[in-house]
Amino acid sequence: MASEALRSGAIRKDRNGTRVWLGDKSMAFIVVVSLYALAVNAVLIQTIWIEAPAAKNVVRVGVLCLIVVAMLLGRTVIPMWLVLTIMLSMSLMALRANPDQLSMIFVPVLIPTLCSLPERIVDRLAVRSALVSFVLIFLLLKTGMTHNSVIDLRERTTYGVASVPFFMNVVFSAGSLCIFYVHKYRLRFRHFVTGVVVAVGFYFFTTTDGRGGFYALVSFTVLAYLMPNLARVPFVPQVLMLTPGVFLSVSLWIMSNSEERDLNALLSYRPRFYAAFLDQVSSWDLLSSTSVKQNLFVENVDNSYLHLLVGCGVPIFLLFCFWVASAGECDGKKPEVSRTVVCDGSARLFCIGEHLASN
């Protein structure tokens with residue numbers, strides 16, 4: 001059957017003699033378009049499309065359709081557990097009229113498509129799409145489509161974006177993925193790139209007072225240098241597999257101390273905001289999910305794990321924990337991967353969380 005396809009031109013051989021479906025090139029192009037569309041969409045709904053929910057939904061549905069076409073072109077095999085996850089999200093979306101589930105559907109749909117492409121290409125696309133989001137913010141400012149402003153007592157520069165934390169998330173995304181890429185592939189100029197990224201992050205930290213995004217970038221930078229040695233410690237990969245549960249537990253602990261004055265001052269009143277956010281959520285909401293954007297306190301709760309728990313429900317949050325644990329287990333079996341497991345895991349977890357929060 002393969003030989004017939006080869007003779008008919010349905011598949012070809014690359015320079016190494018490896019048989020490749022002709023659809024692979026088209027699939028890669030569609031993946032590029034899809035990732036860039038998501039990157040642009042994430043910025044537009046925080047700038048000029050704030051009051052146009054229909055427009056952003058058109059982009060999301062369009063990307064999903066493109067990814068399905070890419071799967072067909074690439075003869076992508078979809079595991080049954082991914083199919084069941086997609087069906088569960090679609091059921092909860094219909095049952096609860098919850099558009100947040102549409103964002104969650106992106107994750108299991110993208111997984112087999114991205115895995116079918118060479119790893120370095122996927123990593124490079126992730127870096128470029130993050131940089132597209134970053135550059136687009138300033139292009140909109142330059143063309144006058146958005147306007148810079150300074151808000152509240154902390155004198156936070158918005159750079160034309162509706163949410164300062166979102167802007168710092170974009171800075172963190174672009175910066176951390178650049179560091180991730182140059183360190184993972186051990187490029188000669190990786191130390192220079194790291195220094196430039198931290199300097200740029202510090203500049204935006206001084207203008208926005210975006211502490212969370214900058215501290216995350218600094219932490220990521222430190223881990224990029226430490227993990228090649230730490231990953232050799234036997235229990236480190238196992239600890240990393242537990243990160244979603246650990247981070248959610250920390251968030252719930254912060255919420256439980258909502259009346260602690262010193263902690264509120266230290267964390268910009270996040271304990272109170274977290275408590276107020278979850279007070280509006282019932283047990284049934286947690287089980288079956290409810291739209292995060294209907295919550296009055298969502299603008300003050302820039303926490304992807306709480307968004308995931310509420311917006312997608314406990315069942316899908318548990319599936320997410322399973323995905324992370326499974327990925328960590330597979331990475332730990334490959335020394336060349338385990339050396340960068342924190343960089344890989346942090347970058348990919350952030351991308352997933354950012355799609356959930358922004359789309």
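Reader: Which residues does Ile137 touch, leaving out those up to four places away in sequence?
Author: Ile137 touches Val43, Thr146, Tyr159, Val161, Phe167 and Val170. Contact here means heavy atoms within 4.5 Å.

Reader: What kind of model is this, and how are residues numbered?
Author: This is a predicted model, where local features need pLDDT of at least 70, side-chain atom pairs count only at pLDDT 80 or more, and totals for chains, interfaces and linings use all residues. Residues are numbered from 1 along each chain as its sequence is written, and side-chain values use heavy atoms, with hydrogens and water left out.

Reader: Back to Ile137. Which residues touch the most other members of the largest nonpolar core?
Author: Ile137, Phe167 and Phe204 do, in a core of 34 residues. A nonpolar core is a set of buried Ala, Val, Leu, Ile, Met, Phe, Trp, Tyr and Cys residues joined through side-chain atoms within 4.5 Å. Buried means under 20% relative accessible area, exposed over 50%, partly exposed in between (1.4 Å probe, protein chains only).

Reader: Which elements give two or more residues to this core?
Author: They are α2 (23-44), α6 (119-142), α7 (164-184), α8 (190-208) and α9 (211-230). α7 gives the most, with 13 residues.

Reader: What lies apart from that core?
Author: Another core, of 24 residues. Leu248, Phe277, Val298 and Val301 are among them.

Reader: Zoom out. How many helices and strands are there?
Author: The protein has 17 helices and four strands. These are DSSP runs, numbered from the N terminus: helices are H or I with at least four residues, strands are E with at least two.

Reader: How much of the protein is buried?
Author: Buried residues are 48% of the 359 residues.

Reader: And what share of contacts join residues at least 24 apart?
Author: 67%, among contacts between residues at least 6 apart in sequence.

Reader: Aromatics next. How many aromatic pairs are there?
Author: Rings of Phe, Tyr and Trp (its six-membered ring) pair if their centres lie within 6.5 Å; planes under 30 degrees apart count as stacked, over 60 as edge-to-face and the rest as tilted. By this rule there are 17 aromatic pairs. One of them is Phe138 with Phe167, edge-to-face, at 6.1 Å centre to centre and 70° between the planes. Phe138 is in helix α6 and Phe167 in helix α7, 29 residues apart.

Reader: Are those two buried or exposed?
Author: Phe138 is partly exposed, because its relative accessibility is 26%. Phe167 is buried, with a relative accessible area of 1%.

Reader: Why does the pair of Phe138 and Phe204 count as tilted?
Author: Because the planes are at 40°, with ring centres 5.8 Å apart. Phe138 lies in helix α6 and Phe204 in helix α8, so the pair ties together parts 66 residues apart in sequence. Phe204 counts as buried, at 6% relative accessibility.

Reader: Which residues form the aromatic cluster?
Author: Phe134, Phe138, Tyr159, Phe167, Tyr203 and Phe204 form one cluster.

Reader: Switching to Ser34. Where is it found, and is it buried or exposed?
Author: Ser34 is found in helix α2. Ser34 counts as buried because its relative accessibility is 1%. Leaving aside neighbours within four places in sequence, Ser34 is in contact with Val63, Leu66 and Ile67.

Reader: Last one. Is Phe192 buried or exposed?
Author: Phe192 counts as exposed, at 61% relative accessibility. Phe192 is found in helix α8.
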